[in-house]
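Good morning, colleagues. Please keep the sequence and the structure in view while I speak.

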Amino acid sequence: MLRIYNTLTRKVEEFQTLEPGKVKMYVCGVTVYNDAHVGHAMSAIVFDVIRRYLMYRGYEVRFVRNYTDVDDKIIRRAHELGEDPHRLAERYIQSFEEDMAALNVLPPTAAPRATQTMDKIIEMVQGLIERGYAYAPGNGDVYFRVSKDEDYGKLSGRRLEEMMAGARIEVGEMKEHPMDFALWKAAKPGEPAWDSPWGKGRPGWHIECSAMNLAELGEQIDIHGGGNDLIFPHHENEIAQSESFTGKPFARYWVHNGMLQLSGEKMSKSLGNIIPIKEFLRQREADVMRMLILNSSYRAPLAFNDEVLDAAEKSLERLRSGLKPALPGANGLSTENAQALSAQAEATRQAFCEAMDDDFNTPLALAALHDLVRAINTARDQGATDAQLAPAQAVLRELTGVLGLRLEKVSRHSDAAPFVDLLLQVRNELRKQKNWALSDLIRDRLKELGVTVEDTREGSTWHW
RNA sequence: GGCGUCGUGGCCAAGUGGCAAGGCAAGGGUCUGCAAAACCCUGAUCACGGGUUCAAAUCCCGUCGACGCCUCCA
């Protein structure tokens, strides 16, 4: 039985879907005014792993991730660059999708955009006004009336009275209550604008997610995800809008990932300490990022630095070692040892699922995989043939695949393989003649070209 | 100030009442012409101080420290 930590109740709960066998899942995407950074990658990977595991468990998952393609920051940036805001947004949507593909994050079932959900947004705002949850003071803005919503604050665990201190009203706003927030914002001259019953304007910060949920997934969903910095005010406001509009509980499970920490601080645009995904991928493989994330609980803050990245890289290499072929001259496992290997494969699959069932405990799941790798490597050392290794290696591929790891390196050098083979044949003759100087030279030079040679008594193997 | 999360070996990290997973690094060993890989072995009074319990890393109280949110943020 799968159990998930729910931010709404602050407890680990049994996972039960609204509809048997089906999961409706919404994750807050990005505001597209810049290249995505590794913090976005963390969130994307966390929810990708959750989605993949749900699929592995047999659920049909409908996964929606939105694009915020109109807001103040996009408009400001477009103005700075002298670019049309819509084109700017489009450009960064493309960039984001490239990054996600490179990170092996599965494409969402649907990727709605705020600008394409305008009818639904206006419908919701209007509905909220009719039900008394919102008001249009006449300046072209529409605000949500927090005092009308008795359980406002239930997700973030705050009360309205406590929030008063930090609240402030901007110049030009006409709010009844400082914590009221904009559902619709009047457009200033030159800004992107849509017609509405309240004049030309654009949606507020939170309503688009409520509207897109309604449009893509319906009134109620199973899982709502995002970074834990979105709990307040974004998700709090989303709940307020959605539940006030439909009168029904919105999301059953609220799931939030912890923040990436750069030198002890959260990585964020306002702090300026961001590392774009594209820059990261120039330095390291995508799977290194994924390994780093899998190595700790998705809810905890995650330190991001060269030291932990190096460790993640090595740990990934170790998982890969399990997929290496049999040794040259392998003459088969004893029945006893063969049984031990298949027993470990089965034990690992079970341990993996138990770990993942416990609120996606990926560090524990990885530990199970490392146990399997050790068993495979031991079997190989004991003389297992490729055929004998294959079933356990298939389990390793299956489970790492659930985590979204690609153990097989994508190699563009495959054309060169026959030549490396030839070179090693010649080198093997040199070794038989004990010409160590020349055979070591070949090994060193190949290493410089990215080919690692490993010798055994029976012969040599190599890999990129 | 309010709300919340957390402090486990050199580093990352699981475990949340019953002998402290796993990875990285380090040291020793097996194998090897050497190297690499692989395998084996070695290590923690669980921030500190009280308390509850037959039993506490795990529960309670206090202290210190770190981080997040309260303003756009994955």
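Predicted model: local features only at pLDDT ≥ 70, side-chain atom pairs only at ≥ 80, totals over all residues.

A word on conventions. Residues are numbered from 1 along each chain as its sequence is written, and chains are lettered from A and ligands numbered from 1 in the order in which they are written. Local features need pLDDT of at least 70 and side-chain atom pairs count only at pLDDT 80 or more, while totals for chains, interfaces and linings use all residues; side-chain values use heavy atoms, with hydrogens and water left out.

Which elements supply the surface near RNA strand B? At least two residues each come from H1, strand S9 (221–227), strand S11 (260–262), strand S12 (265–266), H10, H12, helix H15 (436–448) and strand S14 (452–455). H12 gives the largest share, 8 residues. Helices (H or I, at least four residues) and strands (E, at least two) are DSSP runs, numbered from the N terminus.

Ser297 places a polar backbone atom 3.3 Å from a phosphate oxygen of RNA strand B. Glu454 has a polar side-chain atom 3.5 Å from a sugar or linking oxygen. For Asp455, a backbone N or O atom is 2.9 Å from a base nitrogen.

I turn to chain A as a whole. Its secondary structure comes to 15 helices and 15 strands. Of its 464 residues, 50% are buried, that is, under 20% relative accessible area, with exposed over 50% and partly exposed in between (1.4 Å probe, protein chains only). The domain assignment, which is automatic or from a database, gives domain 1 (3–280), domain 2 (304–402) and domain 3 (414–463). The centres of domain 1 and domain 3, taken over C-alpha atoms, are 55 Å apart.

Next, helix H10 (306–321). Asn305 caps its N-terminal end, with a side-chain oxygen 3.1 Å from the backbone nitrogen of Glu307. The buried residues of H10, among them Leu309, Ala312 and Leu316, pack against helix H8 (277–283), helix H9 (286–294), H12 and H13.

Finally, helix H13 (residues 386–402): its 17 residues reach 23 Å from first C-alpha to last, close to the 24 Å expected, where the expected span is 1.5 Å times one less than the number of residues. H13 has a kink of about 30 degrees centred on Ala392; the bend at a residue is the angle between axes fitted to the seven residues ending there and the seven starting there. Ala392 is also one of the buried residues of H13.

Val402 touches Val49, Arg52, Tyr53, Tyr56 and Phe352, not counting residues up to four places away in sequence; contact means heavy atoms within 4.5 Å. Just after H13, Gly404 takes a positive phi of about 85 degrees.

How values were computed. Polar contact = N/O pair within 3.5 Å; in protein donor to acceptor, adjacent residues only side chain to side chain.
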